[in-house]
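Q: I have a model on screen and want to read one feature at a time. Where do we begin?

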Amino acid sequence: MSTQRFGIIKKATIPIILAIAIIILRSGSPFSLIYQSQSLYCHVLLTAFLAVYACSHERKVTKDSCLIVLILVFIVSTMFAMIINGESYAYRNYIVQLMLSMDAYLTIRICGLNRVTELWIKTMRIIIKAGILLFICVAIGIRVFPIISTRATTSYYTIGIVSQLVSDQRLAGSFWEPSMCAVFVAFTLFLELFSDQCIEKKRKNVIWEIVALLLTGSM
């Protein structure tokens, strides 16, 4: 019985870990900026894992020529944008954008839209609360946290899952700057408000998300 429970917990944990990894790695986190070469390998491995998982767990092969055409058009247009803008030196950014779109498609195909929405909300709840906690600590002068710096000499206090800019008193969460955090929080708030959970159960989370949105100081 205990073995069965462990198997269920382990199986249920995998998509949660993947959701956290995708949000953190794909959001332009400080760690992705500091370790660009290493994070690119993480992006490739994550996409490869999702692709293999999707193929091995696909119950039936479906043909969607329209979707395939759209994917090809997106890939070609992205590469064309890189060439016409003379930004071949920034190829990592373009490759990551392509893999981001691939991950979005594969994740929804594997878990389904409702499950992905649920995982997104749960993951962001953790990030938002941890981000606000770090923000409050730094704001009141508790600055005993490790500091990491990018090549552009931008420094962050960090506790791993979330970081806080040293030079900017605005909430940054898991993201490289507050405006990016605001986009993710606003989208999470939207999903939270329209989720099936009753208002009594999600009221506290909505309050956390509104406070986080205000603390980003972003328009």
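**Reading a helix and what follows it**

A: Start with length. The 17 residues of α8, at 1.5 Å a residue, should span 24 Å, and the end C-alpha atoms are 23 Å apart, which agrees. The expected span is 1.5 Å times one less than the number of residues. This is a predicted model: local features need pLDDT of at least 70, side-chain atom pairs count only at pLDDT 80 or more, and totals for chains, interfaces and linings use all residues. Residues are numbered from 1 along each chain as its sequence is written, and side-chain values use heavy atoms, leaving out hydrogens and water.

Q: How many helices and strands are there in the chain?

A: Helices (H or I, at least four residues) and strands (E, at least two) are DSSP runs, numbered from the N terminus. The chain has eight helices and three strands. Their pattern along the sequence is α-α-α-α-α-α-β-β-β-α-α.

Q: Which residues of α8 are buried?

A: An α-helix has 3.6 residues a turn, so residues three or four places apart point the same way. Buried means under 20% relative accessible area, exposed over 50%, partly exposed in between (1.4 Å probe, protein chains only). In α8, Lys 202, Asn 205, Val 206, Glu 209 and Ala 212 are buried. Their cover includes α6 (113–139) and α7 (178–193).

Q: Is Thr 216 buried or exposed?

A: Thr 216 lies in the segment after α8 (199–215). Thr 216 is buried, with a relative accessible area of 0%. Contact means heavy atoms within 4.5 Å. Beyond residues up to four places away in sequence, Thr 216 touches Arg 170, Leu 171, Pro 178, Cys 181 and Ala 182.
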